[in-house]
Amino acid sequence: IILMTLSLIMNIFSKLYHNILNINPLSPSYIYIVFWIGGVLFPYYITSDIDPFFLYWPYNFSDGFNTNINFAFIIYTISLLTFISANNLLTKKFTTSNTKSKYYFSKKRAYIFTFISIAAYISLIEIKGGFLSFLTLVSDRTRAFAGMNVFFMLGGLVQSVIIAYYLNITENDRVYKKNKYKFIMYLMLVISLIMLSGSKSTIFILLISLITIYNYKVSKISLFKLISYLVIIFILLIAYHLLKQEYFSAGELYSIGASNPIESFYLVLLNMFQGNMMQLQTMSIVVDQYPNTYGYLWGSSILFFFSLIIPSVLWSEKPLTIPGIFTVNNWPYRWSDEGTTLPPGLFAEGYMNFGLFGVIIFSLILSFVYSFYYKKVKTCPFDKLSLGIYSILVGEFLHFFRGEFASVLLHTLVLVIPLKLILKKKRYRE
């Protein structure tokens with residue numbers, strides 16, 4: 001009986017392990033599951049009204065802390081189930097086509113975009129009085145570079161170039177091996193330029209996009225390997241954040257204690273993880289305030305996208321986006337004194353607009369977009385443009401999840417439109 005029981009348990013675990021190995025962790029449903037665990041489930045079991053989030057963003061709940069946290073957890077679980085159900089329905093049946101790619105890599109446009117990016121950063125450095133002066137200002141990018149976002153947008157063209165180039169060289173093994181080191185050298189240049197912008201989120205989006213392409217074009221990535229990559233990327237990005245925010249601006253790493261630097265860095269990592277994966281906490285504040293305190297927005301936040309594309313030098317009194325509204329309503333001193341805003345998360349924005357119905361609608365729309373391009377990637381594996389767009393969407397998912405609609409959509413388009421221009425469509429003769 002003991003041997004039979006052990007055999008049965010081993011068989012169950014063997015099947016479970018086999019199923020885990022066959023998971024595609026970069027499919028839409030599993031992407032949401034990973035971030036739901038990190039940003040909702042994990043905080044649900046460790047969050048209290050005195051955790052690092054509420055110490056930095058203090059808030060007094062009108063209905064009590066536990067009531068709102070529990071309600072926020074239920075809302076995110078409904079969102080997850082809605083997203084997965086829609087994704088499964090939309091990608092249930094498909095047939096794979098061996099049709100060759102209709103797009104080719106335009107070297108001419110890639111060179112032009114690279115030149116524009118480098119010129120944009122050189123211009124910013126000159127405007128701000130030199131390289132060292134530029135580095136000290138990057139730590140306060142929101143206010144130091146107010147009205148200059150167009151330079152950073154132009155500087156970001158290299159991201160689309162490197163994604164298009166990687167799509168091109170991964171078309172077959174021979175081309176990939178021949179151009180792999182050229183790609184690595186260009187990637188170092190691109191990351192160096194992005195680091196000048198002071199945006200660790202942009203580096204994250206680029207790396208996840210490239211990992212997604214690698215998964216579908218070069219070699220399948222397991223769930224365990226993807227989690228390992230995410231941990232390594234997170235550690236490196238926090239190290240970069242400390243250099244940018246502390247060393248370049250103040251000349252020292254004051255968050256790292258000289259007596260025990262390893263423990264200090266671990267505490268920084270823990271606080272930064274809790275500070276970035278705070279969707280449960282922000283949703284709990286939103287459900288406490290809407291509609292009782294402020295009233296629903298009834299879709300007006302979607303219109304903020306159109307105000308974002310107008311430079312602030314042309315419209316100095318632009319309305320605040322959702323992160324600005326959320327911050328000014330609760331912590332106005334963070335905006336006035338530090339220029340800092342706190343994004344509530346896309347699904348919390350849905351609740352601010354239409355309540356629980358808004359969360360479900362936003363979940364369905366996001367699932368439809370991701371499912372559409374995921375299905376195109378699976379049905380047309382040689383379609384470079386669809387894979388490129390899907391890889392960018394995978395990179396942006398965390399920022400939809402923890403950010404908001406307008407600015408994340410704008411950043412997505414800033415990457416997708418140049419990608420479409422670099423991957424020119426082939427012309428065939430009848």
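I started with a charge over a ring: arginine 334 lies over the face of tryptophan 57, 5.4 Å from the ring centre. That label needs NZ of Lys or CZ of Arg within 6 Å of the ring centre and within 35 degrees of the ring normal. This is a predicted model, where local features need pLDDT of at least 70, side-chain atom pairs count only at pLDDT 80 or more, and totals for chains, interfaces and linings use all residues. Residues are numbered from 1 along each chain as its sequence is written, and side-chain values use heavy atoms, with hydrogens and water left out.

Next I looked up ring pairs, and the structure holds 30 aromatic pairs. Rings of Phe, Tyr and Trp (its six-membered ring) pair if their centres lie within 6.5 Å; planes under 30 degrees apart are stacked, over 60 edge-to-face and the rest tilted. I picked tyrosine 32 and phenylalanine 83, an edge-to-face pair at 5.2 Å centre to centre with 85° between the planes. Tyrosine 32 is in helix α2 and phenylalanine 83 in helix α4 (residues 65-90), so this pair ties together parts 51 residues apart in sequence. Helices here are DSSP runs (H or I, at least four residues), numbered from the N terminus.

Buried or exposed, I wondered about tyrosine 32? Tyrosine 32 counts as buried, at 0% relative accessibility, and phenylalanine 83 is also buried at 0%. The cut-offs are under 20% relative accessible area for buried, over 50% for exposed and partly exposed in between (1.4 Å probe, protein chains only).

I also noted a cluster linked by ring pairs, with Tyr32, Phe83, Tyr76 and Phe401 among its members.

Notes:
Helix = DSSP H or I, 4+ residues; strand = E, 2+ residues; numbered from the N terminus.
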